[in-house]
Amino acid sequence: MERNFNHFDEEGNAIMVDISDKDVTERVAVATGTIHVCEEIMEAIMNGTSKKGDVLGVARVAGIMAVKKTADLIPMCHTLILQKCSVDFRIDEDYGEIKALCTVKTQGKTGVEMEALTGVTVALLTIYDMCKAIDKGMEIGQVHLVRKSGGKSGDFYYQGSREEEY
């Protein structure tokens, strides 16, 4: 399959893609990622005893703020008007894992995949930042796009995922 990398002009200069001729459609993207934490961090988060405050509440706000700043962070991203952004967490205390999920929605000419990926990543980094005094050995990983809908390329589901999981 031939791929067209259209972030370059004829001279090879990096450019922002021209989306002026694209149709406005509903665009939704969901991204996820995990952070593995030690038992002491998990207890502090679950019991609300972290010295820095409500870890997941702050991480949620940080993720939402990051979504709104994606075009400032990723050079070729378009600035978008967003209709929805949410950051949610699923906690597996036994495994020491916190899964972040970021959902972003817009009506526009370009997708919101980068916004969802940015939101979930910053939410996880915020958990790390707020808990690093307890243990710096946390591991962030498995950041990926779960699904996206809308636009010319249609729907995408991460290999092996089921929509009801997210």
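**Close-up views of a predicted model**

**View 1. Glycine 108 in strand β3.** Gly108 is buried, with a relative accessible area of 10%. Here buried means under 20% relative accessible area, exposed over 50%, and partly exposed in between, using a 1.4 Å probe and protein chains only. Gly108 sits in strand β3. Helices (H or I, at least four residues) and strands (E, at least two) are DSSP runs, numbered from the N terminus. Neighbours within four places in sequence aside, Gly108 is in contact with Asp23, Val24, Thr25 and Arg27. Contact means heavy atoms within 4.5 Å. Leu125 is 17 residues from Gly108 in sequence, and their C-alpha atoms are 29 Å apart in space.

This is a predicted model in which local features need pLDDT of at least 70, side-chain atom pairs count only at pLDDT 80 or more, and totals for chains, interfaces and linings use all residues. Residues are numbered from 1 along each chain as its sequence is written, and side-chain values use heavy atoms, with hydrogens and water left out.

**View 2. The whole protein.** Four helices and five strands make up the secondary structure. Their order from the N terminus is β-α-α-α-β-β-α-β-β. Along the principal axes, the C-alpha atoms fill a box of roughly 55 × 35 × 30 Å. The protein has 166 residues, and 38% of them are buried. Of the contacts between residues at least 6 apart in sequence, 70% join residues at least 24 apart.

**View 3. Helix α2 and its cover.** Helix α2 covers residues 55-68. Its 14 residues should span 20 Å at 1.5 Å a residue, and the end C-alpha atoms are 20 Å apart, so the two values agree. The expected span is 1.5 Å times one less than the number of residues. Val55, Leu56, Gly57, Ala59, Ala62, Gly63, Ala66 and Val67 of α2 are buried. Their cover includes the helices α1 (39-47), α3 (70-73) and α4 (113-131). It also includes the strands β2 (84-92) and β3 (97-108).

**View 4. The largest nonpolar core.** This core holds 27 residues. A nonpolar core is a set of buried Ala, Val, Leu, Ile, Met, Phe, Trp, Tyr and Cys residues joined through side-chain atoms within 4.5 Å. Ile35, Ile45, Phe89, Ile98, Ile127 and Cys131 touch the most other members. Two or more residues come from each of β1 (25-36), α1, α2, β2, β3 and α4. Helix α4 gives the largest share, seven residues.

View 5. Helix α4 has 19 residues. From first C-alpha to last it reaches 28 Å, close to the 27 Å expected at 1.5 Å a residue. Its buried residues are Glu115, Ala116, Thr118, Gly119, Val120, Ala123, Leu124, Thr126, Ile127, Met130 and Cys131. Ile127 touches Ile35, Ile45, Val55, Leu56, Ala59, Phe89, Ile98 and Met138. Cys131 touches Ile41, Ile45, Val55 and Met138. Cys131 has a relative accessible area of 1%, so it counts as buried. Val120 lies eleven residues from Cys131 in sequence and 17 Å away in space, C-alpha to C-alpha.

**View 6. Valine 17, before β1.** Val17 belongs to the segment before β1. It is buried, at 17% relative accessible area. Setting aside neighbours within four places in sequence, Val17 is in contact with Asn6, His7 and His78. Asn6 is eleven residues from Val17 along the sequence, with 6.4 Å between their C-alpha atoms.

View 7. Ala133 lies in the loop between α4 and β4. It is exposed, with a relative accessible area of 72%. Lys52 is 81 residues from Ala133 along the chain, yet their C-alpha atoms are separated by 9.8 Å. Gln142 lies in strand β4, residues 139-149. At 54% relative accessibility, Gln142 counts as exposed. Its phi is near 55°, a positive value in a residue other than glycine.
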